[in-house]
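Try each task before you read its solution.

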Amino acid sequence: MAQVAIVTFMPSAVLNRGEEVKPFHEIQARDLSPSSMRGEIDSRGYVLIRGLLTRDDLRPLLGETAQILSDAGWLLPGHDPNERVADMGAACGDPEPSFKRTYQQIFNLESFHALAHHPALQQVMHMLVGEELLIHPKPIGRLIFPNCEQLVVHAHQDYRFMDGDPECFTAWIPLHDCPVNLGPLRILEGSHRFGYQRHEHSEIQIPEIPEGTELGEGWVGGQINAGDVLIFHSLTVHAASPNHSNQMRISLDCRFQNYERAFNPANLVFGGESGKSWEKTYSRWSSDDLKYYWKKLPLTFKPSKSEIEQLAETAATPSMRARYARIRSQLE
């Protein structure tokens, strides 16, 4: 593993199994510097930046997203969609078709993709990765129903799903205030120093690190507000807290790295069988500024194009061969 390479305390939270979660260490946006950013990431595996963005920065995406959820019947009628009051009869999650249909509408929003390119966020990420900044082109929206234990995302590392180079970072951005009862992320402090940890597949969509086997220095958590940004290393173990409110929790995962480091091309194409494409995503955008921006960068693919070509012929299963063939076709 590459060498990963002011503190204010908040009320403690408690896990379901009774383990106390210590409060986040945090840093105010006005106090940011390359040394403070790097120091927090190197020592803790994360940095919580208070007030990096404004509520006005988030309001357009929150409004568009909430309206889509309302139109899909996920929110109770009689409330402002921005209040995000959930209709529990509509509770769903990936990979259910009803979830995928609604999520795709949100993924197609121009504002959904523009947030990762916000100047304040880019400035911070330059402090971590240098001038050669790659903003991963597929941010991930988290649409979390309350009181659905089967949909809670448990302990994992993002590198498990990204591959490429581990020196990559996720910015977790709630679009609204996220008190502890709404289910913000929690972080296993120092876990990035233990390398890749074993994940197990289960009945859920996301492989997870078995409870009690996570390696780190203790869980930290607490309230994260609109405008705050939680940034962590790809090997940092993290998990969602349970959402015990009556509201949907809406947040965005944006990922960043230095473009001179290895990059898995699966992170910029659509390898599944859904028929998604950038052409469909872009079809209603008002500007061309962010379309295919990564094609201007000298990316180093891992696996390389030639390796993907070979995998499309030799991968272990027909489904994997088909997946690599779809990736190959979109890189041409």
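**Exercise 1.** Work out how helices α2 and α3 run relative to each other.

Solution. Start with the axes: those of α2 (residues 55–71) and α3 come within 10 Å and cross at roughly 155 degrees. Angles between N-to-C directions over 145 degrees count as roughly antiparallel, so α2 and α3 are roughly antiparallel to each other. Now look at who touches whom: Thr65, Ile68 and Leu69 of α2 meet Thr102, Gln105 and Ile106 of α3 (contact means heavy atoms within 4.5 Å).

A quick note on the source: this is a predicted model, where local features need pLDDT of at least 70 and side-chain atom pairs count only at 80 or more. Residues are numbered from 1 along each chain, and side-chain values use heavy atoms, without hydrogens and water.

**Exercise 2.** Classify the ring pair Phe107 and Trp278.

Solution. Rings of Phe, Tyr and Trp (its six-membered ring) pair if their centres lie within 6.5 Å; planes under 30 degrees apart are stacked, over 60 edge-to-face and the rest tilted. A search of the whole structure finds 17 such pairs. For Phe107 and Trp278, the centres are 6.1 Å apart and the planes at 35 degrees, so the pair is tilted. Phe107 lies in α3 (residues 97–107) and Trp278 in α7 (residues 278–282), so the pair ties together parts 171 residues apart in sequence.

**Exercise 3.** Decide whether Phe107 is buried or exposed.

Solution. Buried means under 20% relative accessible area, exposed over 50%, and partly exposed in between. Phe107 has 5%, so Phe107 counts as buried. Trp278, at 6%, is buried too.

Note on methods
Helix = DSSP H or I, 4+ residues; strand = E, 2+ residues; numbered from the N terminus. Buried < 20%, exposed > 50% of the residue type's maximum accessible area, 1.4 Å probe, protein only. Axes fitted to C-alpha atoms, helices over the stretch in contact; angles between N-to-C directions. Parallel < 35°, antiparallel > 145°, perpendicular 65-115°, else oblique.
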